[in-house]
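Please look at the sequence and the structure before reading on.

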Amino acid sequence: MAGKPKLYYFDGRGKMESIRWLLAAAGVEFEEEFLETREQYEKLLQGGSLLFQQVPMVEMDGMKMVQTRAILSYIAAKYNLYGKDLKERALIDMYVGGTDDLMGFILMFPFLSAEDKEKQRAVIVQKATSRYFPAYEKVLKDHGQDFLVGNSFSWADVHLLEAILMVEEKKSDVLSGFPQLQAFKARISSIPTIKKFLKPGSQRKPVPDDKYAETVRRVLRMYYDVKAN
């Protein structure tokens with residue numbers, strides 16, 4: 001019997017968080033090894049585990065996988081969260097890509113100065129409410145189903161819920177003008193595997209703090225200043 005997937009990353013969200021979400025949504029238990037020192041990172045590099053010298057890295061099914069999108073695609077396909085045919089898969093990829101674009105405005109937030117964080121918060125809310133949330137609101141209204149693609153729970157649903165919650169952390173009432181997304185959030189959050197992941201004590205990571213940012217900077221030797229979008 002194959003062992004649990006093992007995730008190599010920092011003890012924080014970053015690019016690994018969507019992988020945690022998708023594994024949890026599929027009901028898959030996983031282990032984590034947190035990078036806390038430069039030496040740990042260099043050991044992975046020297047051992048040849050990081051094909052492109054980057055994390056996240058996931059050990060799963062006899063593979064050492066890197067590149068976040070490749071890892072997510074594999075998990076989605078393995079656990080039947082990737083649609084029933086090529087057309088549904090294309091839609092899932094399209095919606096996930098849009099959600100990724102929104103998440104990109106949030107990913108570097110912990111590494112910004114206090115002044116830039118306030119600027120970026122406004123950018124995140126503006127992009128969410130003027131570009132991304134209206135698109136998904138329309139998709140759900142036109143589709144008339146409980147889920148984004150077909151009438152089955154998929155990677156696209158998981159990814160969108162993760163993004164919604166991330167934006168709500170920046171502005172709690174951000175969904176006030178989006179009734180379809182409000183209902184979607186309630187539906188997806190009530191799915192047993194998701195509900196479990198949202199409970200305290202799960203492997204879901206909290207909002208990144210200064211300690212997380214400093215650990216990433218130290219391990220990856222990020223000595224440059226990150227600027228707001």
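## A salt bridge between Asp100 and Arg69

In this predicted model, Asp100 and Arg69 form a salt bridge, and their closest N and O atoms are 3.8 Å apart. This distance falls inside the cut-off for a salt bridge, which is 4 Å between a side-chain nitrogen of Lys or Arg and a carboxyl oxygen of Asp or Glu. Between domain 1 and domain 2 there are five salt bridges. The interface of these domains also has four residue pairs in polar contact.

Which helices each supply at least two residues of the side of domain 1 that touches domain 2? They are α1 (17-25), α3 (68-78) and α9 (210-220). Sorted by class, that side of domain 1 has 12 nonpolar, three polar and seven charged residues.

## The two domains

The protein chain is divided into two domains: domain 1 covers residues 6-79 and 198-220, while domain 2 covers residues 86-191. Their C-alpha centres lie 22 Å apart. Domain 1 contributes 22 residues to the contact, and domain 2 contributes 20 residues.

Together the domains bury about 1600 Å² between them, with 66% of this area on carbon and sulfur atoms. On the side of domain 1, the residues that lose the most area to domain 2 are Ser18, Trp21 and Arg69, which together account for 30% of what that side buries.

## Salt bridges in the whole structure

How many salt bridges does the structure hold? The count is 21. One of them joins the side chains of Lys4 and Glu29, with an N to O distance of 3.2 Å. Lys4 lies in the segment before β1 (6-9), whereas Glu29 lies in the loop between α1 and β2 (31-34). The pair therefore links distant parts of the chain, 25 residues apart.

## Aromatic pairs

A pair of aromatic rings is described by the distance of the centres and the angle of the planes. The structure holds seven aromatic pairs. Among them is the pair of Tyr95 and Tyr136, which is edge-to-face, with 6.1 Å from centre to centre and 75° between the planes.

Tyr95 belongs to helix α4 (residues 86-107) and Tyr136 to helix α5 (residues 114-143), so this pair ties together parts that are 41 residues apart in sequence.

## Backbone features

Most residues other than glycine have a negative phi, and most peptide bonds are trans. The peptide bond from Val55 to Pro56 is cis, with omega near 15°. Pro56 is located in the loop between α2 (38-46) and β3 (57-60).

Asp61, a residue other than glycine, has a positive phi, near 55°. Asp61 is found in the loop between β3 and β4 (63-66).

Methods:
Residues numbered from 1 in each chain as written. Predicted model: local features only at pLDDT ≥ 70, side-chain atom pairs only at ≥ 80, totals over all residues. Heavy atoms only, no water. Domains from an automatic or database assignment. Contact = heavy atoms within 4.5 Å. Buried area = accessible area lost by both parts, 1.4 Å probe. Polar contact = N/O pair within 3.5 Å; in protein donor to acceptor, adjacent residues only side chain to side chain. Helix = DSSP H or I, 4+ residues; strand = E, 2+ residues; numbered from the N terminus. Nonpolar A, V, L, I, M, F, W, Y, C, P; charged D, E, K, R; others polar. Phe/Tyr/Trp six-rings, centres within 6.5 Å; stacked < 30°, edge-to-face > 60°.
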